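The following note considers how the parts of this structure meet. Please read the points with the model in view.

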Amino acid sequence: MTKSLVTASKLCVERGNRRVLDNISFTINKGDIFALLGGNGAGKSTTLLTFLGFVKPSSGEAIINGIKVEEDIQAARGQIAYLPESANLYAHLSAYENIEYFLSLAQISRSSQEISLSLDDVKLAPKMRIEPLSSYSKGMRQKVAIALAMLRRSPLLLLDEPTSGLDPVAIDEFNTILKALADAGTTIFMVTHDVYGACEIAKRVGLLQQGKMASVFEAVGETKISAEAVHQAFRQSQPS
Amino acid sequence: MLHELRRELNHALKEPALRWLVLIAFSLSTIALLIGALTISHQKDMVLRLEAAVTAERLLTIKDKTDPGDIAYNLFHLTFDPPTDLAFMALGQRNERPWLHRLRMLALEGQIHETNDSNPEILILGQLDFTFFLSVLVPLIIISLLFDIEGRERREGRYELICAASPLGSRVFHIRAAVKSLLLTAAIILPFIAAAISNNLTILAFLSVLGLIFFQIVLWVIFCRIVTCIIPEAVTAALSLVTLWLLLTVLTPIIGKTAVENSLPVPNGGTILLTQRETVNAAWDLPKETTMDAFIHIYPEWKAQATINRPFEWKWYYAFQEMGDQAAQPKSWALYQGMTDRHEAMALVALLSPALFIERAMTELAGTDVLQHLRYVRCARAFHADLRHFYYPYLFNEKAMSENDLAQLPEFEPCAI
Ligand SMILES: Nc1ncnc2c1ncn2[C@@H]1O[C@H](COP(=O)(O)OP(=O)(O)OP(=O)(O)O)[C@@H](O)[C@H]1O
Ligand SMILES: [Mg+2]
């Protein structure tokens with residue numbers, strides 16, 4: 001029996017006097033990957049921020065593992081490892097220092113070996129790991145942020161465009177890692193512009209259009225979601 | 001909690017900007033203390049030098065002399081306000097008004113109000129004492145330390161990451177602010193502790209200054225936290241804080257001082273000096289009886305000896321010196337009363353300006369405020385009166401002075417606070 005870990009129930013969100021999310025409902029089951037697609041400004045990041053409690057819904061509910069976010073923000077956040085859209089980790093710190101700082105912030109302790117393994121997973125060159133992030137490329141920084149999110153070992157990963165800035169090989173590798181995490185029971189809720197990658201790994205793909213959930217695609221059994229179909233729906237959803 | 005503090009401390013210490021600010025605070029604190037200490041040691045040296053010079057001069061002056069008028073005319077006496085142990089932290093009036101006068105038995109008002117020659121050098125650098133550092137500069141350092149705590153994380157997209165990661169949520173930024181403030185406090189206080197030890201400050205003085213340092217830091221940390229919470233955008237928050245600083249540190253004291261000075265006018269020293277000199281100059285041309293009658297009015301005990309027969313007599317000369325003082329004295333009293341009143345009125349302004357409050361508290365502790373200046377002036381005046389009362393019997397009885405008599409000359413004793 002699969003249990004839903006994430007539930008959005010008739011979520012409405014206003015930002016700056018404008019309705020940004022309009023009556024959104026979906027659920028994500030434990031161990032599933034849910035990919036949220038949509039044009040710029042569709043409300044994808046806002047959806048994640050609502051689950052993190054940074055944005056308050058005007059009506060509806062965001063629920064994580066049975067916890068209503070609005071009622072207990074800290075408990076809800078405790079379930080989540082979050083990778084923000086443009087997570088600039090500290091530029092004057094090295095990969096190790098950044099990871100140590102943020103893990104300590106979350107009151108999590110990991111051995112340096114575990115940290116190294118995680119950086120191995122994202123294929124960050126070992127000689128770079130003690131250099132300050134200011135000497136990293138955008139993709140390398142993203143890899144550190146991803147390693148950090150994985151080290152949290154939270155039940156739920158909220159990823160906002162995690163592969164932006166990564167080269168195609170790194171994207172493939174990242175998707176493989178996500179798949180493995182999901183297989184191991186981590187629930188993944190990701191926002192992405194990478195339609196093909198999303199269809200490759202996601203159990204379900206939601207298409208957000210101007211704050212409304214335009215359509216949801218689901219992988220049935222071993223059959224993956226058709227990227228062609230999603231792509232087409234995406235094109236149709238864009239205002240001409 | 002300790003864990004949080006330790007982590008934020010480590011994190012803060014890796015921040016280049018913070019390291020610079022702490023270093024700047026430490027250097028400024030040290031420099032301000034050194035400037036104060038050098039100024040005070042310079043002033044102490046000056047007292048020693050002048051004391052030696054006055055003693056040497058005295059031997060030459062009184063050599064083979066017996067005429068009291070002649071001796072009184074030529075003998076200089078050093079009066080001064082010795083610095084307290086804490087004066088180096090707040091130079092206050094010691095950097096603005098004379099704290100030392102070389103007095104003769106001539107008319108006093110001129111000697112007291114003459115600024116250029118009796119006023120030991122006033123050091124521009126002396127403005128940069130610890131009190132100035134604490135009251136004016138420390139808030140600016142605190143603002144630059146705290147204006148951007150959340151703002152920077154927002155700009156760089158880390159704000160949500162941090163709040164989501166920490167079980168404390170956004171309260172983690174309070175800890176960050178606290179840690180940075182503590183580092184700054186240490187940078188300010190360490191040089192002070194060293195200075196306090198090397199100057200043998202009393203525990204009471206030490207704790208009082210420490211209290212003022214904490215007061216100022218806590219106050220501005222609170223201002224910074226409130227403003228940055230209300231105004232999330234860092235540059236706007238910084239501008240608002242600097243405006244607040246300008247208002248509380250610069251404008252309020254200036255406007256308050258102008259208002260107080262306008263509503264409580266005082267005669268100026270120059271006018272007092274002029275009144276005395278004009279009276280003395282005019283006395284040369286007045287009939288001698290006029291001067292002596294006025295003098296006898298105050299000192300009836302010399303009535304029998306008050307007749308002047310020769311064209312010049314010292315008792316007449318010193319009588320009109322004193323009459324010059326008498327003419328100027330109401331203005332002097334008005335000046336001192338006015339200074340006291342202004343000082344008291346500024347206490348109200350100090351309630352609106354933390355900088356002024358600290359300056360007043362520090363100079364009061366250090367014995368360098370206006371009230372102490374006036375105490376010293378009273379003390380110097382009392383000494384001058386002693387001098388006159390010592391010489392008058394010799395002058396009016398026209399008695400030659402022996403070495404023994406000269407040994408009885410009043411010595412200036414600095415007044416205790
Ligand atoms: N801080 C904010 N205040 C007010 N409105 C905002 C704020 N952030 C975003 N919005 C608005 O909310 C809407 C949705 O923004 P959101 O960031 O969720 O879009 P998105 O789908 O993540 O877009 P992108 O693909 O560009 O990241 C946009 O119309 C945007 O103008
Ligand atoms: Mg977005």
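**Note on the interfaces**

1. In this predicted model, the centres of domain 1 of chain A and domain 2 of chain A, taken over C-alpha atoms, are 24 Å apart. The contact between them draws on 14 residues from domain 1 of chain A and 12 residues from domain 2 of chain A. The assignment places residues 4-79 + 154-237 of chain A in domain 1 and residues 89-153 in domain 2.

2. Together, domain 1 and domain 2 of chain A bury about 1,000 Å², with 61% of that area on carbon and sulfur atoms. On the side of domain 1 of chain A that touches domain 2, helix H6 (residues 168-183) of chain A gives the most, with 5 residues. By class, that side of domain 1 of chain A has 8 nonpolar, 3 polar and 3 charged residues.

3. Between these two domains of chain A there are 0 salt bridges, and 2 residue pairs are in polar contact.

4. Chain A and chain B bury about 2,100 Å² between them, 61% of it on carbon and sulfur atoms. Within chain A, the residues that lose the most area to chain B are Tyr90(A), Tyr101(A) and Leu105(A), together 28% of what that side buries. The contact involves 22 residues from chain A and 25 residues from chain B.

5. Across the interface of chain A and chain B there are 11 residue pairs in polar contact. Helix H3(A) gives the most to the chain A side, with 5 residues. That side of chain A divides into 13 nonpolar, 6 polar and 3 charged residues.

6. How many salt bridges cross the interface of chain A and chain B? There is 1: Lys14(B) pairs with Glu97(A), and their closest N and O atoms are 3.6 Å apart.

Conventions. Residues are numbered from 1 along each chain as its sequence is written. Chains are lettered from A and ligands numbered from 1 in the order in which they are written. This is a predicted model: local features need pLDDT of at least 70, side-chain atom pairs count only at pLDDT 80 or more; totals for chains, interfaces and linings use all residues. Side-chain values use heavy atoms; hydrogens and water are left out. Domain bounds come from an automatic or database domain assignment. Contact means heavy atoms within 4.5 Å. Buried area is the accessible area (1.4 Å probe) that two parts lose on being put together, summed over both. A salt bridge is a side-chain nitrogen of Lys or Arg within 4 Å of a carboxyl oxygen of Asp or Glu. A polar contact is a pair of N or O atoms within 3.5 Å; within protein, one must be able to donate a hydrogen and the other to accept it, and residues adjacent in sequence count only if both atoms are side-chain atoms. Helices (H or I, at least four residues) and strands (E, at least two) are DSSP runs, numbered from the N terminus. Ala, Val, Leu, Ile, Met, Phe, Trp, Tyr, Cys and Pro count as nonpolar, Asp, Glu, Lys and Arg as charged, and the others, Gly among them, as polar.
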